[in-house]
Amino acid sequence: MGVPLLDLRLQYQQLKDELDSAITEVMTNAAFIGGPKVKELEDAIATYCDTKYAVACGNGTDALFLIMAALGIGKGDEVITTPLTFFATVEAIVHVGATPVFVDIEPGTYNLDVSKLEAAITDQTKAIMPVHLFGQCVDVDPLLEIADRHNLVVVEDACQAIGATYKGKRAGSLARAAAFSFFPSKNLGCAGDGGVITTDDGELAAHARKLAQHGTSKKYYHDAFGTNSRLDALQAAILLVKLPYLDVWNAQRRDAAAVYDQLLADIEWLELPVAREYGEAVYHLYIVKADTTETADRVLGALREAGIDTALYYPLALHEQDALLALPGFAKPSLPVAESCDARTFALPAFPGITREQIEQVVAVVKGALL
Ligand SMILES: *Cc1c(COP(=O)(O)O)cnc(C)c1O
């Protein structure tokens with residue numbers, strides 16, 4: 001029997017009655033765009049993340065882009081971010097016309113190394129976009145201290161970290177604004193694409209909302225060039241059913257991670273994820289790092305042969321991607337820690353509902369891979 005990286009069919013089976021009736025309700029009322037379900041979800045997310053506002057939109061990529069656009073970040077501005085993340089992080093920076101600047105990551109958490117941040121700040125720097133990678137918050141306090149001193153705005157890419165905490169505060173409430181994704185495989189996923197912005201800044205929320213609706217202030221009157229980025233009412237209804245289960249699912253992910261931590265501890269050629277004391281991670285992915293790419297290849301091969309789902313996160317850091325290398329004026333920086341992750345860091349199944357037997361099966365294959 002194989003083990004999937006995530007079992008969405010299991011989740012649907014668990015919530016089938018609730019989900020089916022929520023979907024039927026939207027179909028019956030035929031309010032598909034905007035309406036009460038979307039508003040209800042925005043309120044629920046703002047409450048959950050402990051922010052004043054939440055603005056639903058089409059996906060996490062748009063959420064990042066809308067925040068950057070609403071902040072007025074654009075041509076000539078530099079935005080500091082991490083080289084180890086999903087590509088969407090840097091797309092949001094490039095699509096508003098700003099220049100991405102990459103700072104290396106810290107080993108173990110794979111998050112932006114805040115101790116290397118200040119050296120990357122120039123007169124053009126306007127913002128810092130940290131990513132709470134794999135479900136663990138970046139070390140936000142020292143980051144905010146540096147940002148304040150240099151008058152920089154901080155935007156959280158919290159797409160992998162809904163429910164994670166930092167010193168008791170939720171991801172999404174830690175900086176000026178944050179972006180979340182409801183892509184099906186995220187910790188809180190819908191049945192398609194979806195995203196949301198959280199912020200305490202009412203002006204920013206209103207501006208982002210306007211940009212998500214074609215820059216509309218009043219129907220057919222436009223005072224800015226925006227885009228069309230909406231969360232469907234159907235997705236909102238589905239998310240409203242799932243949100244009350246999120247904390248339980250995140251706790252199950254943490255439990256699975258703790259079992260892996262224990263069972264894999266004695267493998268010298270495998271680096272386990274580091275959980276920082278300052279908060280609670282939500283293990284969007286349980287990521288391990290092999291000592292070499294050859295080791296990683298062999299383990300990945302053995303896992304796949306056993307029907308165990310796995311993938312590299314990420315095969316290539318962003319500052320080494322063709323799209324960045326082709327960007328006018330982009331000088332490839334040397335970021336050794338991020339580069340050391342290329343094709344060596346990969347995920348082991350740690351989804352909510354994974355059994356101890358499944359984890360033991362994965363561990364046995366990992367341990368046997370180099371024999
Ligand atoms: C998933 C993800 C995004 C983009 O979200 P979409 O909803 O797929 O557009 C952005 N940043 C990170 C770190 C992500 O994991």
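Begin by selecting Thr125, a residue of strand S4 (residues 125–129); strands (E, at least two residues) and helices (H or I, at least four) are DSSP runs numbered from the N terminus. The model is predicted: local features need pLDDT of at least 70, side-chain atom pairs count only at pLDDT 80 or more, and totals for chains, interfaces and linings use all residues. Residues are numbered from 1 along each chain as its sequence is written, and side-chain values use heavy atoms, with hydrogens and water left out.

**Around Thr125**

Thr125 has a relative accessible area of 5% and is therefore buried (under 20% relative accessible area, 1.4 Å probe, protein chains only). Display its side chain together with Thr122, whose backbone nitrogen the side chain of Thr125 reaches at 2.8 Å.

**Helix H7**

Now select residues 233–242, helix H7, which is largely enclosed by the rest of the structure because 9 of its 10 residues are buried. Among the buried residues are Ala233, Gln235, Ile238 and Lys242. To see what covers the buried residues of H7, show H1, helix H2 (36–49) and helix H8 (246–264), which are included in that cover.

**The two domains**

Colour residues 8–244 as domain 1 and 246–368 as domain 2; such bounds come from an automatic or database domain assignment. Over C-alpha atoms, the domain centres are 23 Å apart. Domain 1 brings 47 residues to the contact and domain 2 brings 40.

About 3500 Å² is buried between domain 1 and domain 2, with carbon and sulfur atoms giving 62% of this area. Buried area is the accessible area (1.4 Å probe) that two parts lose on being put together, summed over both. Select Tyr110, Phe134 and Asn187, the residues of domain 1 that lose the most area to domain 2; together they make up 20% of what that side buries.

Finally, select Asp139 and Arg276, whose side chains meet in a salt bridge at 3.4 Å, N to O. On the side of domain 1 that touches domain 2, helix H1 (8–29), helix H4 (88–95), strand S3 (99–102) and strand S6 (165–166) each supply at least two residues. H1 gives the largest share of that side, 4 residues.

Conventions: Contact means heavy atoms within 4.5 Å. A salt bridge is a side-chain nitrogen of Lys or Arg within 4 Å of a carboxyl oxygen of Asp or Glu. Buried means under 20% relative accessible area, exposed over 50%, partly exposed in between (1.4 Å probe, protein chains only). A polar contact is a pair of N or O atoms within 3.5 Å; within protein, one must be able to donate a hydrogen and the other to accept it, and residues adjacent in sequence count only if both atoms are side-chain atoms.
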